[in-house]
Amino acid sequence: MKKKMLSVVLSVVMVAGTFSSFTREVRAEDTVELQFLHTAWVPEQLEVLEKAISDFEAENPDIKIVETRSSWTDAPSQIMTSIVSGNAPDLIMCNTSMLAEYRGIGALADLSGYVSEETLDSFLPSAKAMITTEDGKIDGLPQEGCNWALFYRKDLFEEAGLDPEKPPKTWDEFLECAQALTKDTDGDGVIDQYGYAWPVQAENASDYWVNFMQMCGAEISAYENGEWISKLSDEAAVKGTQLMTDLVQKYKVSPASIVDYDWEAVTNAFVSGEVAMMQNGAWVTGSVEEKGPELEGKWGTAVLFDGPEQTAYRGYPNTFNILEASEHKEETWRFLDYFYNTPSDVEGLTIAGAFCNAAGGMLYTDDFVEYAGANYNDKLQPFLEEVNDCLIPPLDPQWQSLTSMYANSTVQQMIMGSVSVEEGMNTMDTKLKELHGE
């Protein structure tokens, strides 16, 4: 009897071992490898991402996610090279210029059949606009983004006889404040405190130029009858550009030296008192606190003042996109669906929300804004107040080419006065039309 029992046990063990071996073999053969190229770099953000990938793979043993980490500087060329060579990743992260370029060459997969109406409805207007193609398809999901708002020195407001609790809300109020805050503080005949500044160095030149044009209702570049059309010769675009240059050339409330300012240089000028107001991103609140601890209680943030024609705040997300070349779109979508709809360790946030929150960014969804409103500090609240009136940059596939080849330098020249607005706008309108083949 004992021999018979031993025989049965051995048989079961042998069968189990055979089955186990067979199972491992099948899983090895059937496992799908997803190539994921991303630009996440903040340690806390990477921690959220690594846990999400690990947990997803545990729940989906037929899928393995292989990461490639890149930088925002290197990613565009890496991805384009991989697309051309036929080795494109399945999932990527895009900024606005990358999104426009890849969309323009048909490199992004149509996700309209995957994204539910409920998910779409949870996205804020600027996020929906970012992921919706010219013909109404959905080709991505919004991820980490940022808002830009007004920073102002309350102490300098008081010194100028302005109410430190009433930052400007309209363009006229802003201009009045900027003029009152522009001073020769030591009486040597040279202005050493300016009312307003914004970053104009390198690519910042075009980024903020877009915002000035949008304040005047400019369309900038429009998709009409299946093609992109330059709107840079329109009155609204010219008016917005003149608005920008007048701050330096006419009203002299901004220094000509802003052409050399990136976001950090403007921040330094704000902390030192060289400028009393600036437009900058939400992450800069932490930089001001770090650079100017002595300014505690002497500065604040506010929603950006309205333009002459409309409210136009800078604020938009980067995106997750599945490439059209991917042979594993279904499996890649399973990961995205998990990422966006699974609760995280942060109460009130999905994994996608925790991912953005860890980097100090924004996820443009109703749930995230509700969470941020309840948990973010007072300095960040104005950024949240802007979220429903944010406008995205042009998603014209040729816009990046225009800005890098012509617009950045031309905007700087117009600000310095070496090129007139009329001449500069005519040049850029002509160049954009040439790039379009108009």
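**A colleague's notes on this chain**

1. Let's begin with a detail: a polar atom of the T182 side chain lies 3.0 Å from the backbone nitrogen of G195. Please keep in mind as you read on that this is a predicted model. The T182 side chain also has a polar atom 2.7 Å from the backbone oxygen of A178. To find T182 in the viewer, look in the loop that runs between α8 (171-181) and α9 (204-215).

2. Is T182 buried or exposed? Its relative accessibility is 17%, and buried means under 20%, so T182 counts as buried. Which residues does T182 touch, once neighbours within four places in sequence are set aside? They are I191, Q193, Y194, G195, K252 and V253.

3. Now step back to the whole chain. The protein chain has 18 helices and ten strands. Its C-alpha atoms fill a box of roughly 110 × 55 × 35 Å, taken along the principal axes. Of the 438 residues in the chain, 51% are buried. Among contacts with a separation of 6 or more, 72% are between residues 24 or more positions apart.

4. K231 sits in the loop between β6 (227-230) and α10. With a relative accessibility of 16%, K231 counts as buried, because the cut-off is under 20%. Leaving aside neighbours within four places in sequence, K231 is in contact with E219, I220, S221, A222, E224 and A237.

5. Helix α10 (residues 235-249) and helix α17 (residues 399-416) have axes that come within 8 Å and cross at roughly 45°. That angle makes α10 oblique to α17. On the α10 side, the residues that meet α17 are T241, M244, T245, V248 and Q249; on the α17 side they are V411, M414, I415 and M416. Sorted by class, this contact has six nonpolar, three polar and no charged residues.

6. Here is another helix pair to look at. Helix α13 (residues 329-341) packs against helix α14 (residues 351-358) at an angle of about 75°, and their axes are 4 Å apart. Y338, F339 and Y340 of α13 make the contact with I351, A352 and F355 of α14. By class, the residues of this contact are six nonpolar, no polar and no charged.

7. Finally, take a look down the axis of a helix. In α12 (residues 284-291), the buried residues are V284, T285, S287 and V288. Why do they line one face of the helix? Seen down the axis of α12, they fall within an arc of 160°, so they line one face. The elements that cover these buried residues include the strands β4 (141-153), β7 (277-281) and β8 (299-302), along with the helices α11 (263-272) and α16 (381-385).

Note on methods:
Residues are numbered from 1 along each chain as its sequence is written. This is a predicted model: local features need pLDDT of at least 70, side-chain atom pairs count only at pLDDT 80 or more; totals for chains, interfaces and linings use all residues. Side-chain values use heavy atoms; hydrogens and water are left out. Axes are lines fitted to C-alpha atoms, for helices over the stretch in contact, and angles run from 0 to 180 degrees between N-to-C directions. Helices (H or I, at least four residues) and strands (E, at least two) are DSSP runs, numbered from the N terminus. Angles under 35 degrees count as roughly parallel, over 145 as roughly antiparallel, 65 to 115 as roughly perpendicular and the rest as oblique. Contact means heavy atoms within 4.5 Å. Ala, Val, Leu, Ile, Met, Phe, Trp, Tyr, Cys and Pro count as nonpolar, Asp, Glu, Lys and Arg as charged, and the others, Gly among them, as polar. Buried means under 20% relative accessible area, exposed over 50%, partly exposed in between (1.4 Å probe, protein chains only). A polar contact is a pair of N or O atoms within 3.5 Å; within protein, one must be able to donate a hydrogen and the other to accept it, and residues adjacent in sequence count only if both atoms are side-chain atoms. The arc is that of the directions from the helix axis to the C-beta atoms.
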